[in-house]
Amino acid sequence: MESGPAIFAGAVFALFGAALLIWTGARVRHRAPVAHGVNPATAAALTTIFGAGFLLAGVWCFGRL
């Protein structure tokens, strides 16, 4: 019974992290702003860090099964 929430949380974290990394990569590749009103390098770095963090959280949740 406890594995259900872990699977759901792992899937959500992993999908969101992967989508954030893909979106950031596409924005940087097209030289489009990642966040309006923020230094482009700072925005790209922070979104990459958070995307990787969410992806790692998803892997961690799956590892707890």
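Trainee: Why is Phe13 called partly exposed?

Mentor: In this predicted model, Phe13 has a relative accessible area of 30%. Buried means under 20% and exposed means over 50%, so Phe13, at 30%, falls in between and is partly exposed.

Trainee: And what makes the pair of Phe13 and Phe54 stacked?

Mentor: Two values settle that. The ring centres of Phe13 and Phe54 are 5.9 Å apart, and rings pair if their centres lie within 6.5 Å. Their planes meet at 25°, and planes under 30 degrees apart count as stacked, so the pair of Phe13 and Phe54 is stacked.

Trainee: How do you know that this pair ties together parts that are apart in sequence?

Mentor: Look at where the two residues sit. Phe13 belongs to helix α1, residues 3-29, while Phe54 belongs to helix α2, residues 40-63. The parts that they tie together are therefore 41 residues apart in sequence.

Trainee: Is Phe54 buried, exposed or partly exposed, and why?

Mentor: Its relative accessibility is 27%. With buried set at under 20% and exposed at over 50%, Phe54 counts as partly exposed.

Trainee: Why is the pair of Phe16 and Phe54 called edge-to-face?

Mentor: Here the ring centres are 5.0 Å apart and the planes stand at 90°. Planes over 60 degrees apart count as edge-to-face, so the pair of Phe16 and Phe54 gets that name. This pair also links distant parts of the chain, with Phe16 in helix α1 and Phe54 in helix α2, 38 residues apart.

Trainee: How many aromatic pairs does the rule give, and which residues form the cluster?

Mentor: The count comes to two aromatic pairs. Phe13, Phe16 and Phe54 form one aromatic cluster.

Trainee: What makes Phe16 partly exposed?

Mentor: Phe16 has a relative accessible area of 44%. Exposed needs over 50% and buried needs under 20%, so Phe16 is partly exposed.

Trainee: Now for Thr24. How do you know whether Thr24 is buried or exposed?

Mentor: Thr24, in helix α1, has a relative accessible area of 3%. Buried means under 20%, so Thr24 is buried. Leaving aside neighbours within four places in sequence, Thr24 is in contact with Ala44, Thr47 and Thr48.

Trainee: Which residues make the nonpolar surface patch?

Mentor: Ile7, Phe62 and Leu65 make that patch of about 270 Å². Phe62 lies in helix α2 and has a relative accessible area of 36%. Patch residues need over 30%, so Phe62 passes that cut-off.

Methods:
Residues are numbered from 1 along each chain as its sequence is written. This is a predicted model: local features need pLDDT of at least 70, side-chain atom pairs count only at pLDDT 80 or more; totals for chains, interfaces and linings use all residues. Side-chain values use heavy atoms; hydrogens and water are left out. Rings of Phe, Tyr and Trp (its six-membered ring) pair if their centres lie within 6.5 Å; planes under 30 degrees apart count as stacked, over 60 as edge-to-face and the rest as tilted. Helices (H or I, at least four residues) and strands (E, at least two) are DSSP runs, numbered from the N terminus. Buried means under 20% relative accessible area, exposed over 50%, partly exposed in between (1.4 Å probe, protein chains only). Contact means heavy atoms within 4.5 Å. Patches are made of residues with over 30% relative accessible area and no salt bridge: like charges are joined within 9 Å, nonpolar side chains (Val, Leu, Ile, Met, Phe, Trp, Tyr) within 5 Å. Accessible areas come from the Shrake-Rupley method with a 1.4 Å probe; for residues, only the protein chains shown count as cover. A salt bridge is a side-chain nitrogen of Lys or Arg within 4 Å of a carboxyl oxygen of Asp or Glu.
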